[in-house]
Amino acid sequence: GTSHKYVSEKAAAYLQKKDFKIITIHLGNGCSMSAVQNGVCVDTSMGLGPMNGLIMGTRTGDIDQSVIFYMVNQLGYSLDDVNAILNKKSGMLGLTGFSDMRDVKEKRKKGNQEAILAYEMYGYHIRKYIGAYTAALNGLDAIVFTAGVGENDALSRKLATQNMSYLGIHLDEEKNEVGGKGIYEINTPNSPAKILVVPTNEELEIARQCYALLDE
């Protein structure tokens, strides 16, 4: 939550807009997305715990809840076993054997079919959330990539934004590959929606909120 707050405010300042509709995409070992309108989070992929939403390093992301009952009643797993599997042995680790996207990317380069599929699934889930959150916001000014994978993995950004032109999202593949420092755009000049890469700083945001609380 601190990351989404920090980067959404940075993106709003970059856009120089007080009224804005932004989707923030935090991609690291843990992954989550938020729909932010005028500084207020109106929806998020995060749930009661950290497992909901996108595919992550070791967490499943969204699944059919029936899986839990099937694992317990049909396969004989205990609830502790299920919790450990869904939180610590699933996601990219379960799909490829690796939890670090850098390792998965190396496997993909070598033509490993599990890694290729995992990347496709990763991008597909992000695109679904982009579509849902654009509907929730009734429009879109920008999408924001942040955190370890979001800031550094051009392939993840490419797969997360492909075939999204109907929402006004047009990726400039060269800009995406070259990257940049600080806040930078990776959209085409004529893209109605901006695609931004914004470095996160959760520690600074926590410090700011603590200071504001004490200042009261």
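The following legends describe close-up views of a predicted model.

**View 1. An open sheet of 6 strands.** The strands follow the order β3-β2-β1-β4-β6-β5, and their pairing is mixed. Strands β3 (40–44) and β5 (184–185) stand at the edges; each has a single partner strand, so one side of each is left without a neighbour in the sheet.

View 2. Residues 2–15 form helix α1, which lies across β1 (21–27), β2 (31–37), β4 (142–146), β5 and β6. The helix runs at about 135° to β1.

**View 3. The surroundings of S32.** Residue S32 belongs to strand β2. Its relative accessible area is 7%, and because this lies under 20%, S32 counts as buried. The side chains of S32 and H4 make a polar contact (2.8 Å). Neighbours within four places in sequence aside, the contacts of S32 are H4, T24, I25, H26, S45, M46 and L54.

**View 4. Two residues with positive phi.** Most residues other than glycine have a negative phi. N38, which is not a glycine, has a positive phi near 50°. This residue, N38, is found in the loop between β2 and β3 and is partly exposed, with a relative accessible area of 38%. A147, also not a glycine, has a positive phi of about 80°. A147 is placed in helix α7 (residues 147–152) and is buried, with a relative accessible area of 6%.

Technical notes:
Residues are numbered from 1 along each chain as its sequence is written. This is a predicted model: local features need pLDDT of at least 70, side-chain atom pairs count only at pLDDT 80 or more; totals for chains, interfaces and linings use all residues. Side-chain values use heavy atoms; hydrogens and water are left out. Two strands pair if DSSP finds at least two bridges between them. Helices (H or I, at least four residues) and strands (E, at least two) are DSSP runs, numbered from the N terminus. Contact means heavy atoms within 4.5 Å. Axes are lines fitted to C-alpha atoms, for helices over the stretch in contact, and angles run from 0 to 180 degrees between N-to-C directions. Buried means under 20% relative accessible area, exposed over 50%, partly exposed in between (1.4 Å probe, protein chains only). A polar contact is a pair of N or O atoms within 3.5 Å; within protein, one must be able to donate a hydrogen and the other to accept it, and residues adjacent in sequence count only if both atoms are side-chain atoms.
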